[in-house]
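Here are some notes to read alongside the model. Please keep the structure open as you go through the points.

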Amino acid sequence: MTLLLALLLTLPLCAGLALVTGFPRALGARVVAGGLVAAVVTAVLAGQLAVAVLRAPVAPTLVVPLLGRVTFTYAVDGLGAVLAVTVAVIGALVLLAAAAEPQLREGRFVGSVLIFLAAMLGTVTAATLPALLAPWEVMGAASWVLIAFDRRDRAVGPAATRAFLTTRTADVGLYVATGAALAAGVPGLALSATATAGEGWRSLLAAGLVVAALGKSAQLPFSAWLSGAMVGPSPVSALLHSATMVAAGAVLLIRVAPLLAATGWAATLVAWVGALTAVVLGVVAATQRDLKQLLAASTCAQVGLMVLGAGVGATAGAAGLLVAHAAVKALLFLAAGGWLLVLRSRSLPVLRGAARRHPVVGVTFTVGAAALAGLPPLSIWWTKDAVLGGVPLGSQDLWGQGLLTVAGLLATALSAVYATRAVWFVWRPTRSPSIRRGSDRPRRHVPLAITLPLVVLTVPAAAVGGVAVLAGLVPRADAGELVTTGVVVAFAAVATWALHTRPIRLRSPVLPRLASAARGWLGLEAATRAVVVRPVLGLAHLLDRADGALGTALPRATATVPRLARVVEERGERPLAAAVAALATGVRRLGDLARRPQTGQQHQYYAQGLVAVGALAALVAVLVVTGVR
């Protein structure tokens, strides 16, 4: 099983690197076929590992030593097996749908998708913090490449940069958490052992992980980067918003739920951030006139419910909601991409009647939207109630936890509102030829490469949640709760349909202004630019100027070195050399003088001795006489 796990992690990575580095500009069916083969084989490997996990009592584990007891450890437990299959299957279907767009049949795009899939597979199977850091970083870099793929569009560069800088700012928390775990002596830096850290380090560790997870999952206050990411190709949006990048933060919080509970404050904070995101971004989604923006905001809202589940300890329900939402959102984004390819528009008023013109896409989109709304007995109805049912209503904190339940029910009603709104537009008969003006070829069919993944995804989008509950993988909510949410969703859907069919004219300008602000994501994108993007870019420009100034000053400083050398030579080296030469000459002369008396004749030595003795006697006499006086 270790070999299967190693192949699961390395096969898409190696195939992606081969395409990106070896055939970046290659176009055509061969590139697509190669990427699809790698993605399908990866999905098969994930399926085999899932079967092995169900049969074997021990999870397949891959350990790569790093430093002492610190290792890169990847393991496939029950959650990892389900998520690996989900990621691999959706990745293969997204690659198939991307083949419908000629500009995406390029080695650079297909390879980047495979690298992105490998990073997400590493994220869902990581068992230690170092093993999580590596794919977490790769996923952020690959997402920038995929969002900014279409270089002809001037908007993609700034949008991809905002997404990258926002998530990178939050990712600093993961490094802080790793350092805290290392200082606290967490055994092997394992995610499962983070709750054993000491009190002080435990809080710092939890804070770092929470910030990193909220940033990657586009939760408040980091939600705005997801709006800008909608300028990327629709298959990229389907990949980011379904089972991969946006879901990564929720996966991390589910993994470290014991740590959140151990700190106390972290679990409460995560639960409230998830609930607020579900409500606020639900309102944003309900006011959108752009289909992709509606789906993007709904992703933040749905992931908010998963984060709520991680905060209250309903991890099984949150995991089930994650899988169900992955199938639903991949289906909806691919359908939106099919309409965008044919009709050249994402505007809901322009897409009016699109489902009638393309019934296969319309029916599958409707199934996905109904599941997103939470209509019974579709997938999200089961899994969302498993999350809401996990909110405890104890007597000690009835007020706060009751508000969490109310927020969850409000988010449920809002999901029915924005899902029904999208369905109303695409099925409502068009009153004008606006849909024709938005299309170069209005009768063109949506390619089979898109409709086939839509049909395949319809089944799990509708049924995976119910199957998980019936199989005991996700706890079943109370019958009363199921009925309550079903009634709330049905009422919200019917009311939304009726209000769109016969709109009410409002005299007060307050609600239209609020709706306009919500369509602009409540100014979150502008706040992100002001707080994150501009300071980072400003610092980058400052460092660039400093580097340029240093590059100009350094050659000038280098040019003064020869001048300094000449001055040292003239004023220091030459006099010193002259002094040394004079000393040598004096020593040599003294040596000559000392050598002259050395004749080798004995009588001369006697004479010299007598002279020396006489001189010495004279000196003694002088000293004696001087001393007497």
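Leaving aside its neighbours within four places in sequence, which residues is Ser 112 in contact with? Point 2 has the answer, after a word on the model.

1. **Ground rules.** This is a predicted model, in which local features need pLDDT of at least 70 and side-chain atom pairs count only at pLDDT 80 or more, while totals for chains, interfaces and linings use all residues. Residues are numbered from 1 along each chain as its sequence is written, and side-chain values use heavy atoms, with hydrogens and water left out.

2. **Ser 112.** Beyond those sequence neighbours, Ser 112 is in contact with Val 20, Ala 142, Val 145 and Leu 146; contact means heavy atoms within 4.5 Å. Ser 112 belongs to helix H4, residues 107–125. Its relative accessibility is 7%, so Ser 112 counts as buried (buried means under 20% relative accessible area, exposed over 50%, partly exposed in between, with a 1.4 Å probe and protein chains only).

3. **The chain as a whole.** You will find 24 helices and two strands here; these are DSSP runs numbered from the N terminus, with helices being H or I of at least four residues and strands E of at least two. The chain's radius of gyration is 37 Å, well over the 25 Å from the globule rule for 629 residues, so the chain is more spread out than a compact globule. That radius is taken over C-alpha atoms, and the rule is 2.2 Å times the number of residues to the power 0.38. The C-alpha trace spans about 140 × 60 × 55 Å along its principal axes.

4. **Burial and contacts.** Of the 629 residues, 50% are buried. Among contacts with a separation of 6 or more, 82% are between residues 24 or more positions apart.

5. **The nonpolar cores.** The largest core has 186 residues, and those touching the most other members are Phe 109, Leu 205, Leu 209, Leu 253, Leu 291, Trp 339 and Phe 365. Helix H14 (residues 315–343) gives the most to this core, with 20 residues. A second, separate core of eight residues includes Trp 381, Trp 382, Ala 468 and Ala 477. A nonpolar core is a set of buried Ala, Val, Leu, Ile, Met, Phe, Trp, Tyr and Cys residues joined through side-chain atoms within 4.5 Å.

6. **Phe 109.** Not counting residues up to four places away in sequence, Phe 109 touches Ala 98, Leu 104, Leu 146, Phe 149 and Val 236.

7. **Ala 354.** Look for Ala 354 in helix H15, residues 354–357. With a relative accessible area of 0%, Ala 354 is buried.
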